[in-house]
Amino acid sequence: MSTKVKAFEIGEHKIAPGTRRTVDLPVSVLSDHTPVTMSVHVLHGSKPGPVMFVSAAVHGDEVIGVEIARRVLKAPQLEIQELDKLKGTLMVIPIVNAFGFLNHSRYLPDRRDLNRSFPGSLRGSLAGRLAHLFMSEIVNRSDYGIDLHSAAIHRTNLPQIRVSPSRADTLALAKAFGAPVILTSKVRDGSLRQAGHLKGTDVLVFEAGEGLRFDEMAIRAGVSGVLRVMRALKMLGSKGITRPKARSILSKSSYWVRAPAGGLLRPFKSVGDVVEPGMLLGITSDPFGEKERNVLAEQGGLIVGRTNLPVVNEGDGLFHIAEFNERYDAETTLDSLASQLEADPLFDEDEII
């Protein structure tokens with residue numbers, strides 16, 4: 001055990017170098033006197049290096065991130081006997097918003113969106129207090145972070161990384177992650193990404209799949225991406241961690257194609273499809289089939305998100321299209337990355353697909 005590395009302190013806990021442990025940070029007490037905690041699994045390496053966090057279920061219904069976090073913790077590179085090779089410290093928080101997770105809800109009991117409540121307040125609302133706890137115990141101890149998300153319920157997202165356009169270092173990590181798409185987008189007020197940005201902690205946001213559902217390829221993309229970022233930060237060696245076979249498609253702008261009228265949607269395109277300007281994406285019609293409206297792409301690009309509901313109202317977002325200027329062979333890129341994920345070994349032999 002290295003004498004240069006001190007014990008990692010979080011809350012009232014100390015984790016010795018070369019060990020891993022789950023610690024519970026008190027959050028609140030329910031009305032029936034049930035205590036609620038935020039559980040953090042800390043892997044503290046025996047060698048000096050950066051501190052990184054991986055968080056999931058900031059929105060309680062985004063369960064894909066929870067599974068990604070579970071599989072990361074099961075990765076062979078992070079087993080207890082391998083921690084003497086780990087440089088730095090990894091904190092994994094599979095469920096940040098336990099209230100929403102238990103209730104299959106995006107929100108907290110006070111109906112606030114936790115990802116619009118950062119940096120929070122010690123004496124604020126329940127959302128503000130949970131955000132404050134996460135900032136003080138997790139973000140303020142971290143150099144880097146990966147926040148795992150999915151689309152809202154009844155929508156789905158192609159695996160993608162969201163980054164701030166002004167952060168070159170963060171963009172380099174996004175490229176190392178190896179998701180099919182990198183979207184540069186401005187930070188939103190009250191988001192974890194904004195709070196980390198202001199504090200000086202680089203935070204990648206991974207979006208993939210649908211709320212309350214698992215998507216195997218999206219999960220694999222997330223697990224591989226987290227390990228690749230750790231490799232890029234030199235926290236882990238290269239053994240067992242493949243580099244992406246194709247570079248991510250970089251998009252600096254995107255737009256939603258919205259329903260021209262309410263009714264029933266018959267989609268002809270899905271996530272991962274490349275579209276041209278004016279291309280027919282679907283048709284909306286009333287239940288009698290008397291009035292039909294074409295849903296057309298305004299600009300060319302790649303569909304990175306879409307609704308899964310056939311019943312739509314006028315103005316509903318139907319297709320999220322990412323535009324890109326460079327000459328990518330998008331279909332070849334997506335096929336290459338998908339085949340690589342399929343070929344990667346599973347970390348659990350009993351995994352059911």
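Throughout these legends, a residue is called buried when its relative accessible area is under 20%, exposed when over 50%, and partly exposed in between (1.4 Å probe, protein chains only). The model is predicted, so local features need pLDDT of at least 70 and side-chain atom pairs count only at pLDDT 80 or more, while totals for chains, interfaces and linings use all residues. Residues are numbered from 1 along each chain as its sequence is written, and side-chain values use heavy atoms, with hydrogens and water left out.

**View A. Glu-216 and its arginine partners.** Welcome to a pair of buried residues, Glu-216 and Arg-71. They form a salt bridge (a side-chain nitrogen of Lys or Arg within 4 Å of a carboxyl oxygen of Asp or Glu), with their closest N and O atoms 3.0 Å apart. Glu-216 belongs to helix α6 (residues 216-232) and Arg-71 to helix α1 (residues 64-73), so this pair ties together parts that are 145 residues apart in sequence. Helices (H or I, at least four residues) and strands (E, at least two) are DSSP runs, numbered from the N terminus. Glu-216 also forms a salt bridge with Arg-220, again with the closest N and O atoms 3.0 Å apart. Arg-220 and Glu-216 both lie in helix α6, four residues apart, or about one turn of the helix. Shared partners join Glu-67, Arg-70, Arg-71, Glu-216 and Arg-220 into one network of salt bridges.

**View B. The Glu-137 and Arg-141 pair.** Here the closest N and O atoms of the salt bridge are 2.7 Å apart. Glu-137 counts as buried because its relative accessibility is 16%, whereas Arg-141 is partly exposed at 27%. The whole model has 11 salt bridges by the rule used here.

**View C. Arg-162, a buried charge without a salt bridge.** Look for Arg-162 in strand β8 (residues 155-163). Arg-162 is buried, and the nearest side chain of opposite charge, Glu-207, is 4.4 Å away. (Lys and Arg count as positive and Asp and Glu as negative; His and the chain ends are not counted.) The side chain of Arg-162 does make a polar contact with that of Gln-160, at 2.9 Å. Such a contact is a pair of N or O atoms within 3.5 Å; within protein, one must be able to donate a hydrogen and the other to accept it, and residues adjacent in sequence count only if both atoms are side-chain atoms.

**View D. Leu-281 in strand β15.** Leu-281 sits in strand β15 (residues 280-285) and counts as buried because its relative accessibility is 0%.
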